[in-house]
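Me: I have this one open on screen. Walk me through how the pieces pack, and keep it short.

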Protein chains: 2
Amino acid sequence: MDCEAEKTVLTPDLVSCRQKFIVSEKEVFRFVEEVFIKLGATPEVAKCVAESIADADNKGHYSHGMNRLGLYITDVDQGVLDLKSTPIILAESAATAWVDGNNALGVVVGNFCMQLAIKKAKESGIGWVVAKGSNHIGVVNFFPEQALKEGLLGFTCCNTSPVVAPWGAKEPALGTNPISFAAPGVNDDSFVMDISTSGVSRGKIELYVKHNQPLPVGWAIGSDGKYVTDAKDAYEKGALTPLGGENNGHKGYGLGLMAEAMSGILAGSKFGPFIRKWGKKIERGDLGQCYACINPEFFAPGYNERMSCLMDYLRNMDPVDPENPVQVPGDWERNNKKKHQDKGGVSYSRVQLQWTNDLAKKLGVAPLKFK
Amino acid sequence: MDCEAEKTVLTPDLVSCRQKFIVSEKEVFRFVEEVFIKLGATPEVAKCVAESIADADNKGHYSHGMNRLGLYITDVDQGVLDLKSTPIILAESAATAWVDGNNALGVVVGNFCMQLAIKKAKESGIGWVVAKGSNHIGVVNFFPEQALKEGLLGFTCCNTSPVVAPWGAKEPALGTNPISFAAPGVNDDSFVMDISTSGVSRGKIELYVKHNQPLPVGWAIGSDGKYVTDAKDAYEKGALTPLGGENNGHKGYGLGLMAEAMSGILAGSKFGPFIRKWGKKIERGDLGQCYACINPEFFAPGYNERMSCLMDYLRNMDPVDPENPVQVPGDWERNNKKKHQDKGGVSYSRVQLQWTNDLAKKLGVAPLKFK
């Protein structure tokens, strides 16, 4: 059997042959775009979401790529997400804007807000845009990275469904409320941070459930407030814990609250424990998000040179483990993109591919071609 | 012997009587103000720093209150800090400013920048001010809290001397680069976060050295990159680790870099490993800082009500430990201020009081009155 030929069907012999299957970024884009067209999205919206999902998987953020497709489809099926909607500006000044996402796909709202923040930062030195009425935005660094292309610093934070227990509490009341920040260096180099303010993201736990693996201690608590390792138990009944763990969880808790205070509370969307729970989907998301850009030209000259000087210094430091050089946030994603380019695409598991095959059949879309 | 009478001398009988001595906030203010006047500061500068130090200790941030006095005095003695200097604006737009701190005391630069950010946020919805040429700013939440008084959201981050090892590196190259954020609720309630992006601050380690206590595992590494518990060893030869510890240190590393990218790199001050080391003081600080304010009136109406609704929800959650109610960041400081008010002042250790007594004698200032 030729394992390297391009195929679309997971035959039993193929499954026994390998556990990973390679799909090109272009093919992921094509598949997601067609899925959303079938679901009723406009071509522009389908393109937006396809770009975001293909980008997430290509960077290695598998939990927020194709893995999130099911979530969006459920929302569309239940009529709580509007694939034809576009965001509007509710209030605006030279440096700020308050946006209503109008229940559009998160990535559509995000692109709208980030482009607005970019425009404002170019003219005013800073652009600070917050949106209510939004939905899940996928991989968050997708937005600050748009600022990089314009020579700006980008910042995004947002609220999400309550799955994180506040420091010292037994039950969840905050989302994983991620924070992402990007700053440009020279020669297209950049620092790109993208972190959840919990120890790990909900998507990570989901992957452990899918692959039936036990969780590392400290990632989640049970209903009594104690740490659990059963991924399914944590996913269904427990709560994530804030970044910082046992000794410093108050810091992750504070950062999660800051992300909420800058996004949902500022935008007037749902917030904290009042956001819809996971698994209870027949309700609009109405999430809150914050998109900001800073123009380094309004401050000290030579921003990119200083940033590159610092990044180069860090990468050249003596590592604790000689096998693992010191990285700058963003390097991991760059390395993944390089690896995927070298081998012709992203690796998907058999489980993942089976799911997309089933979806393709259901919607009447050509299945993913893989190698 | 009457342990409750006000005194100024640590007699042997007193030392055997108690290990803690109470000094009123007003007396701390008086003492620090007089010390700085003796050191050559203008009355305005002396008032600024006295207010910041008294506030830090009153809130319970002892590592950044009176404990920092020695650092400032060393800088003044060595002529690397200018007590008569005032900051200037180098470039400005309606929403942004680039400031040169002109080597003034950090708190002087911070007050200047924060008041400028407040003015800009009132007019433009946001104010984003960065300073180069600054010095150590003391307790960071002192600045975002100024925004609260004007009904605004406040944000401050900055770089500091390199004491934190980047994720995966053996040596320090970044500061503890703190981030502080404040958001107003109703009836003067507020959420005030103030965290170092390392597991703990350098000041915390310093207090363990002063009291000759072993460090909890995970707060610092030795020169081989492994965790150490000897506080003196860690303080003199080791490095702090980024927030997140063994599993998630890449997140604290990212946050520390973000704070640097928003402050020192943006302001054109010294940055990362190029900032002067601790213990090598004959060099100007030239630190970089970022002070920002957001005006909620430019976004959704009802900010304070939503923030209070969330804070009240969190405080009323079922706690893991029935003895420890769930708190909102800022509650701990509020509780400390209440405790200090109830007992008539801040508690200082014998070691701390002996040090201030010696300083008082050296400068010809009236020593601290304590009970």
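Reply: Start with helix 9 of chain A. It lies across strand 5, strand 6 and strand 7 of chain B, running at about 130° to strand 7 of chain B. Bear in mind that this is a predicted model: local features need pLDDT of at least 70, side-chain atom pairs count only at pLDDT 80 or more, and totals for chains, interfaces and linings use all residues. Residues are numbered from 1 along each chain as its sequence is written, chains are lettered from A and ligands numbered from 1 in the order written, and side-chain values use heavy atoms, leaving out hydrogens and water.

Me: How are helices and strands defined and numbered?

Reply: They are DSSP runs, numbered from the N terminus: H or I over at least four residues for helices, E over at least two for strands. Angles run from 0 to 180 degrees between N-to-C directions, and axes are lines fitted to C-alpha atoms, for helices over the stretch in contact. Contact means heavy atoms within 4.5 Å.

Me: What does helix 9 of chain B lie across in chain A?

Reply: Strand 5, strand 6 and strand 7 of chain A. Helix 9 of chain B (residues 245–262) runs at about 130° to strand 7 of chain A.

Me: And which strands of chain A does helix 9 of chain A lie across?

Reply: Strand 4, strand 5 (153–158), strand 6 (179–184) and strand 10. Helix 9 of chain A, residues 245–262, runs at about 100° to strand 5 of chain A.

Me: What is the strand order in the chain A sheet?

Reply: It goes 2-3-4-10-5-6-7, an open sheet of 7 strands with mixed pairing. Two strands pair if DSSP finds at least two bridges between them. Strand 2 (88–92) and strand 7 (190–195) of chain A are the edges, each pairing on one side only. From one strand to the next, the twist averages 15°.

Me: Strands 4 and 10 of chain A: parallel or antiparallel?

Reply: Antiparallel, over 7 bridges, between strand 4 (residues 126–134) and strand 10 (residues 287–294) of chain A. For one landmark, A:Val130 has A:Cys290 in strand 10 as its bridge partner.

Me: What order do the strands of the chain B sheet have?

Reply: Again 2-3-4-10-5-6-7, for an open sheet of 7 strands with mixed pairing. In chain B, strand 2 (88–92) and strand 7 (190–195) are the edge strands. Strand 5 (residues 153–158) and strand 6 (residues 179–184) of chain B pair antiparallel over 4 bridges. There, B:Thr156 stands opposite B:Ser180 of strand 6.

Me: Switching to the interface. How many residues of each chain are in contact?

Reply: 76 residues of chain A contact 76 residues of chain B. The two chains bury about 6200 Å² between them, 78% of it on carbon and sulfur atoms. Buried area is the accessible area (1.4 Å probe) that two parts lose on being put together, summed over both.

Me: Which three residues supply more than any other three on the chain A side?

Reply: A:Lys251, A:Leu266 and A:Phe299, with 11% of the area that chain A buries against chain B.

Me: At what angle do helix 11 of chain A and helix 9 of chain B pack?

Reply: About 150°, with axes 12 Å apart; helix 11 of chain A is residues 303–315. So helix 11 of chain A is roughly antiparallel to helix 9 of chain B. The cut-offs: under 35 degrees is roughly parallel, over 145 roughly antiparallel, 65 to 115 roughly perpendicular, and the rest oblique.

Me: Which residues make the contact?

Reply: A:Tyr303, A:Met307, A:Leu310 and A:Leu314 of helix 11 of chain A, with B:Tyr253, B:Leu257, B:Glu260 and B:Ala261 of helix 9 of chain B. By class, that contact has 7 nonpolar, no polar and 1 charged residues. Ala, Val, Leu, Ile, Met, Phe, Trp, Tyr, Cys and Pro count as nonpolar, Asp, Glu, Lys and Arg as charged, and the others, Gly among them, as polar.

Me: Last one. How far apart are the axes of helix 4 and helix 13 of chain B?

Reply: 12 Å, at an angle of about 30°, for helix 4 (residues 69–77) and helix 13 (residues 350–363) of chain B. That makes helix 4 of chain B roughly parallel to helix 13 of chain B. The contact uses B:Leu69, B:Gly70, B:Ile73 and B:Asp77 of helix 4, plus B:Trp355, B:Leu359 and B:Lys362 of helix 13. By class, there are 4 nonpolar, 1 polar and 2 charged residues in it.
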